[in-house]
Amino acid sequence: MERAVHDRGVWPTDMPIDRSEHELADWELLTDALVSALSSEGLMNVDELRRGIESMPPDEYERASYYERWLFSAETILVEKGVLAPGELDARLT
Amino acid sequence: MSEHDHDHSHDPITADGEPPAAARARALEELLVEKAVVQREDVRRNIDRLVSRSPADGARLVARAWVDTEFKERLLADARAAAQELDLDSGPSPVVVAVENTETVHHMVVCTLCSCYPRALLGPPPDWYKSLPYRSRAVSDPHGVLAEFGLELDEDVELRVLDSTADVRYIVLPRKPEGTEELSEQELAALVTRDSMIGVAQPVAPATA
Amino acid sequence: MTFRAGERVRVAARTHEGHHRTPGYVKGKSGRVERVHGRFRNPETRAYGADGLPERVLYQVCFAQQELWLEARRGAGDTTLVDIFEHWLEAE
């Protein structure tokens, strides 16, 4: 059966588990807080967040850090809902 | 399959040591505030709430359950209600389930599909919990994973791996270490580690002086 | 159909294109209902902006690790418990 990239249970791997601790960076806290705020505003629920994450191209999903995936999903859902225009965030960054 | 079985970014790091996602997150906040989609104060408040939660909250539940059998029964029956007794808010998940480790049963928790975690009771999850190898191997090789965390179960202990795939959040009630009969509830709470409430570690009694 | 704790069930082996919360490693596997968690909105529609109604019953299903993979390394009694929505379960 075809496995989606996020469906990790029993995914073959011999990678050890990296147990180093890391304090969440400011942008990671910000991303988390933004998603919570969007959820309170009824603009994005947890299932949409997950679906947006799952829509990442598989190699990008595997490469991305946790909150990079959240950010990707938030942007995807917000563009879908017309809150952001496609490319609007990129334009802001240049 | 992919060689990329680790959970950190390969994006170039900018001069200030931040990945490009950092600027992106800030720009997103700016845009959403300008559009009045979210309020900056709400975002700040969410950050405050996020950093205010820590494993110390869950540890209070565990320590109370260790010293009060009736509380333990209530915790196992309805962890959300039991948390409220200690003025702890167990978060937006409608159902929080506490599972008890005993001499014959050991529980450990994973979320193979994403990273579901009882954040309101334990704070944000550690990186390893969110990592691809943990999400894969906690179900396919749980004894191997426990060994990496330094935990070896006796042969006759049943290992129960909980995959929190849906709306329920799980917190493990670890075993009370031997030789802690004299400790106060507060002293006991200090022994309860985050990892023991995920089920990959066992609390240990303080070394006697 | 509603299952009760203790009943044997099998997870549907079907593929599902969109968002869903049934991990691949339990599809087609049999287990036993351990708990009935209650009714929850359906993530499969909620993930696309719908209200997720009608709610679906969510179960905790207990699988013998030996049922999930033949080479379970040790502990014949070891189990894996997974939360699965009713519409993914069939009576066995």
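Ala, Val, Leu, Ile, Met, Phe, Trp, Tyr, Cys and Pro count here as nonpolar, Asp, Glu, Lys and Arg as charged, and the others, Gly among them, as polar. This is a predicted model, in which local features need pLDDT of at least 70 and side-chain atom pairs count only at pLDDT 80 or more, while totals for chains, interfaces and linings use all residues. Residues are numbered from 1 along each chain as its sequence is written, and chains are lettered from A in the order in which they are written.

**Domains of chain B**
- Chain B is assigned domain 1 (20-51) and domain 2 (54-198), with bounds from an automatic or database domain assignment.
- The centres of these two domains of chain B, taken over C-alpha atoms, are 31 Å apart.

**Helix contact between chains**
- Helix H1 (residues 26-40) of chain A and helix H1 (residues 20-34) of chain B have axes that come within 9 Å and cross at roughly 35 degrees (axes are lines fitted to C-alpha atoms over the stretch in contact, and angles run from 0 to 180 degrees between N-to-C directions; helices are DSSP runs, H or I, of at least four residues, numbered from the N terminus).
- By class, nine nonpolar, one polar and three charged residues form the contact of H1(A) with H1(B).

**Second largest cavity**
- The lining of the second largest cavity includes Val109(B), Tyr117(B) and Met197(B) (on a 1 Å grid over the protein atoms alone, a cavity is a set of points where a 1.4 Å probe fits but cannot get out, and lining residues have an atom within 4 Å of a point).
- This lining has eight nonpolar, no polar and no charged residues.

Key:
Side-chain values use heavy atoms; hydrogens and water are left out. Helices (H or I, at least four residues) and strands (E, at least two) are DSSP runs, numbered from the N terminus. On a 1 Å grid over the protein atoms alone, a cavity is a set of points where a 1.4 Å probe fits but cannot get out, and a pocket is an open set with protein on both sides within 12 Å along at least five of seven lines; lining residues have an atom within 4 Å of a point.
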